[in-house]
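Dear colleague,

I am handing over the structure below, and my notes on what was found in it follow directly after.

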Amino acid sequence: MGAVTAETLLEVGPLTKSFGAATILRDVSLDVRKGEFMTLLGPSGCGKTTTLRIIAGFETPDSGRVILGGRDVTDLPPYERDVHTVFQHYALFPHLDVAGNAAFGLRLRRVPEAEVSRRVTEALALVKLSGFESRRVSSLSGGQMQRVALARAIVGRPSLLLLDEPLGALDLKLRKEMQLELKNLQRRLGIAFVYVTHDQEEAMTMSDRIAVFHQGRLEQLGTPGEIYEAPRTSFVADFIGGANIFSAEVLPGPAGQARLRLEGEHEIVVPLDPHEVLPPPGGRVKVAIRPERVKVFYKDELPFGALRFDATLRDSIFLGDGCQIYLEFLAGAPDKRLVAMAGGDRYAVHDDLGVPVIAAVQPEDVYILERDGD
Amino acid sequence: MLEKALSRLLAGKRPAASHLLLAPAALWLLLFLLIPALGLVALSFAKNGPYGEILWRLSLDNYRRAFDPRYVPVLLRTLFFAGGTTVVCLLLGYPLAYFLSFRAGRRRGALIIALMVPFWTSALVAFYSWIVILGKEGLLNRALLRYRLISSPLALLYTPFSVLLGLVYFYLPFTVLPLYASLEKVPRSLVEAAYDLGATRWTAFLKVTLPLSLPGVVAGALLTFVPCLGDFLTAELLGGPRYYLLGNLISNQFLMAQDWPFGAALTVLLLAGLVAGLWGYRRWEAAA
């Protein structure tokens, strides 16, 4: 479960949860530090929302504990946890106005009315909804409803705020704005956020750490930089940023380095991190190469990059800020393309399709992932 | 050709054409509701002849008679029974509807059908069954006597109790179904949001579920109260003449007293009251 320090606010795990025959969570453990922005990231059905609901108290895990602020809250109902949730579709009370929604939790706790109105005013100001106090929630736009839901959740000053895809229903432009705003708000309040999303870009923008979920498992937990620069599994490499995933055979090689044969064809030598353990020679691993780390050169150019593959330009898609290039570089599997990203529009020349090129990669840009072929 | 015309009609391409869809029902209501109702209004201004024939000498006499003090007890009794039935139906029906919507799970379908059984049973059969149960020699009295819970038979039938029982029995589905429909519409995420903000089950119910189901409470109350005002079979079979209601007064004008114009005037007044009530409800609903 990692080192639990005084900074640890929430500790969960190892969680398992099944609904009928379907196993939703398998041995998921994670910790959230005070004031941290933690994102649970993964495709739909990966278990991230179930984890959030277990933290909130809406679901009970089959096994595993939820420790909040040093106290075991696994069996406590939601209303006895110092945690508030911003729901996916806002879940605002339609029979109350904006101020009534924001004040809901405070009134339940019998906070004196004078303080309720002071804190509601303050919370609405924080989410930039001053002056909306007596508006009906049904008259608000999606973005405004989202702000009311946020105000309602932060007004009680929980130590931990849970957000379940809160920006999912907003359009792209508004979502980008709200991402920055949420991040700023979180920094100012110093409340820890556990944020659920399936959008890897959103996760990268906002998080201190990201927990990547896949099929009920926690695949990797780390900072955005770690997740991007050192993905541990092919799922993480592909889901975050996208990657070319290949199968490689381990060949006998010197210590500290990995000699691999890529897809049975290209032999490469890449550096090995001290903590990485390779299967014995003859075993197979998966490797990933980020498209933006693949450089493409015409035959008459001088390539840089230690690993070079002869390749054929098969397709090129102009994306505005660059090109996505599809290269054929395996004689045995011509359909298994190497995807490269290049800035500018240099390769948006369709006359060039079919010409021989050189694909070059730096050895440290080849990530060694999980074992293959099990 | 016909098929093409019909599909265009169903698609509502031309508004005038799609209104044709309304025609069958509209025609039916015109022939069998609106025209007879207008006839009734006309009749209410006529005069009753010595042999029960109708004399078309128009006057407000029937209405004047309707407001005679001796009919006040019938009106009050009717309001009492209709109101009492509504209250009892709400008290019994709300927990039932809540259970169906929030707790019944997979048994829900079967339970709703069970709830509808009295609704599908002929009222006559149902009320005669109640007579068999409640009578002096009835099943209930015999059981109580056998187990020595009472020493002499209780007077259950032909009492306010039996009238109320019959009305509640018959109108409970009318209360429960709108309640159930409105509880179904309460988003469960709102209940969760209330828990999340610190509400216990009970406060979440009071502050979220109950206020959001109020339209169902009002609709259920109206659907119970309004037909109770015109009910005559229950009082006829389970109450007897001492507990006659407005419905009995009206039906007696037509069937016994042979005073159709006066019966028509009473009907028009009842109808006017109902329409006023429904109009008020619509205004309340639009404002909410």
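In this predicted model, helix α9 (residues 160-184) of chain B packs against helix α11 (residues 201-230) of chain B at an angle of about 155°, the two axes lying 8 Å apart. Since angles over 145 degrees count as roughly antiparallel, α9(B) is therefore roughly antiparallel to α11(B), and α9(B) passes α11(B) in a right-handed crossing. On the α9(B) side the contact includes B:L167, B:Y171 and B:F174, which are among the residues that meet a set in α11(B) including B:V217, B:L223 and B:C228. Sorted by class, this contact of α9(B) with α11(B) has 13 nonpolar and six polar residues, and no charged residues.

Turning to chain A, six strands form an open sheet with mixed pairing, in the order β6-β7-β8-β3-β9-β10. Its edge strands are β6 and β10 (217-222) of chain A, each of which pairs on one side only, and neighbouring strands are turned by 20° against each other on average, direction ignored. Within the sheet, strand β3 (residues 37-41) of chain A pairs with strand β8 (residues 192-197) of chain A in the parallel sense over five bridges, and A:T39 has A:Y195 in β8(A) as its bridge partner. Helix α4 (residues 142-154) of chain A lies across β6 and β7 (160-164) of chain A, and runs at about 175° to β6(A).

As for the contact between the chains, 17 residues come from chain A and 15 residues from chain B. On the side of chain A that touches chain B, β6 (83-86) and α2 (98-108) of chain A each supply at least two residues, with α2(A) giving the most, three residues. By class, that side of chain A has ten nonpolar, five polar and two charged residues.

With best regards

Notes:
Residues numbered from 1 in each chain as written. Chains lettered and ligands numbered in written order. Predicted model: local features only at pLDDT ≥ 70, side-chain atom pairs only at ≥ 80, totals over all residues. Axes fitted to C-alpha atoms, helices over the stretch in contact; angles between N-to-C directions. Helix = DSSP H or I, 4+ residues; strand = E, 2+ residues; numbered from the N terminus. Parallel < 35°, antiparallel > 145°, perpendicular 65-115°, else oblique. Left-handed = near helix turned anticlockwise from the far one by under 90°. Contact = placed C-beta atoms within 7 Å. Nonpolar A, V, L, I, M, F, W, Y, C, P; charged D, E, K, R; others polar. Pairing = 2+ DSSP bridges.
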